[in-house]
Amino acid sequence: MHIPDGFLDVKTATATGVLAAAGLGLALRQARRHLPARRVPLLGLSAAFVFAAQMINFPVAGGTSGHLIGGVLTAALLGPSAALIVISAVLIVQCFLFADGGVTALGANLFNMALIGGVGGWVVYHLLSRGVKGLFGRLVAAVVAGWASTVLASIACAGELAGSGTVGWRSAWPAMAGTHMVIGIGEGVITALVLAAIAKVRPELLGLTAPGAGVLEGAGAVVCGEAATTSAEDPVVSRTWLRRRRKPRHPATNLVSAANGERTGPLVVFGLLMSVGLALFVAPFACGWPDGLDKTAETLGFKDRESEHRALPAPAPDYKTPGISSEALATAIAGAAGTVFVFALAWGLARALSPKSARPPHGRA
Amino acid sequence: MQADFLDRHSRLDSPVHRLPAGAKLAAALALVVAAVALPRSQAIWLAALAGPLLAAAAISRVPWGFLARRMLLLEPFVIGVAVLALFAPGGGWAFAFLVARASVCLFAMLLLANTTPFGDLLRVLGRLHVPALLVTTLALMYRYLFVLVDEAQRMKRARTSRTFRPGRSRTWRTSATVIGQLFIRASERAERIYAAMCARGWR
């Protein structure tokens, strides 16, 4: 989804640049005010982590493989502002060191992947994981948010490309949204698998309380092994390790709450920036859509400030359900079916991954 | 440890490498902006932009094979987006122009990355009043990128040496566990780094 140089015109590059700079500036200000000094290195390390995690391949059918994008994963672990900084750092390094993603398209890439993919994905994750409690809820939320953030970012990307006159909206939008509806499933599943793996060792990183002493012992063993492998580098290591062992980790000092010093104010601004962006790049094409979809487009672009609602109507690209004549109705049905499918997948995967005690009783939705 | 897979040639010695980082950054950005602003009717000017670039690449002594491999690695992404232009009227010509223009920009950025150490670029950003927190994050990311990639590969090697060709779903679960473990190790490393930074008088 990295847009290279030369695919955006001046007005799109400028507009996305301004929106991305505003979002990143706000996130940096939030972090400077609320992030404790000892968490500052975590931002850089998390960015390096995302970069390294993107190099781990997941085999897909037919010899192809995919990899994690990591927007929702970062946001779930660090909170929206920190995630915005981390993903931006990843994109900047990819742009300057690897020439992946153009430097004039940096604003657009930041807007799509850090603001919509990260913060937008976080909003979906946060709202859903509040609805369903415990690890089970986190995993359902992770799958849906991973999928929604990927699809939304691809739609924004298609809008920017089409708005620049580089490609036609009618060919770009189904191609981008269609492929990313498939890629998004992989992203959601990997995000949930990673969160489940982290919850097994360090549940407090997800804001969950440790289910038993055995888990904490496991964490101790990890810390111990890690300290043993690196203590030769730095004498401070053993000291911090000792200190950490004596002092029990309590939930109030975990990464999430430390990074979540922010309240609703900045989130409203982030939401506003995303809405303005989507209104600029996606909504103008609304008139080109079939009549029945105009309303959906408006809902998608303008009316809803909540990303949760944006995630839900995401219509399937020009899919036609056989036997239904109205194109708009068919598209709406295909979109609804896709959303139901993702929710069902999320539910099943979360059931399979969360321990038996944490599952909701069978048959209750 | 392969600490240099990204910008392997950024520390060579040549007249291009010795130029100040700020000047190179400005030149690369100016060239990219010029290429991007070029209208399709003036496509011939792309050659005029590519000429100095190729000359700079020759002077810099960055191996041509390396640059070519990197370009080949990145071209699929360019072509993947440009293919969408084929469906528009007059698509063939637009496609060729888009690919050529993006390739010139790619080459400029690759040459910048491989003739300028990233630390020097960050120093320029700091002088341009980019927020210190962002520069620190970028610097730490660059510093530990290679450590974490190495760590991930070590975990992967440990896994492959202990497992006997697992199935696909098993691979997904174990790879996800590796990623999860990588984050836990990164967050713990961040705490030790903070302690080390304080010990060395940071802030």
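Two residues count as being in contact if their C-beta atoms, placed from the backbone, lie within 7 Å. Keep that in mind for the views below, which come from a predicted model.

**View 1. Leu115(A) and the residues it touches.** Leaving aside residues up to four places away in sequence, Leu115(A) touches Ala20(A), Gly23(A), Leu84(A), Leu110(A), Gly120(A), Phe270(A), Leu273(A) and Met274(A).

**View 2. The largest nonpolar core.** Let's zoom out to the core, which has 165 residues. Leu115(A) shows up here again: along with Ala48(A), Val86(A) and Val144(A), Leu115(A) touches the most other members. Helix α6 of chain A, residues 134-163, gives this core its largest share, 19 residues. In soluble globular proteins, nonpolar side chains tend to be buried together.

**View 3. The two domains of chain B.** Chain B is assigned a domain 1 covering 15-123 and a domain 2 covering 131-199. Going by C-alpha atoms, the centres of these two domains of chain B sit 32 Å apart.

**View 4. Arg61(B) in its loop.** Look between α3 (45-60) and α4 (64-82) of chain B, and you'll find Arg61(B) in the loop. Arg61(B) isn't a glycine, yet its phi is positive, about 60 degrees. Most residues other than glycine have a negative phi. Arg61(B) counts as partly exposed because it has 15 C-beta neighbours inside 10 Å.

**View 5. His129(B) in another chain B loop.** This time the loop is the one between α6 (118-127) and α7 (132-162) of chain B, and it holds His129(B). His129(B) also isn't a glycine and has a positive phi, about 65 degrees. With 8 other C-beta atoms within 10 Å, His129(B) is exposed, since the cut-off for exposed is 12 or fewer.

Key
Residues are numbered from 1 along each chain as its sequence is written. Chains are lettered from A and ligands numbered from 1 in the order in which they are written. This is a predicted model: local features need pLDDT of at least 70, side-chain atom pairs count only at pLDDT 80 or more; totals for chains, interfaces and linings use all residues. Domain bounds come from an automatic or database domain assignment. A nonpolar core is a set of buried Ala, Val, Leu, Ile, Met, Phe, Trp, Tyr and Cys residues joined through C-beta atoms within 7 Å. A residue is buried if 20 or more other C-beta atoms lie within 10 Å of its own, exposed if 12 or fewer, and partly exposed in between; C-beta atoms are placed from the backbone. Helices (H or I, at least four residues) and strands (E, at least two) are DSSP runs, numbered from the N terminus.
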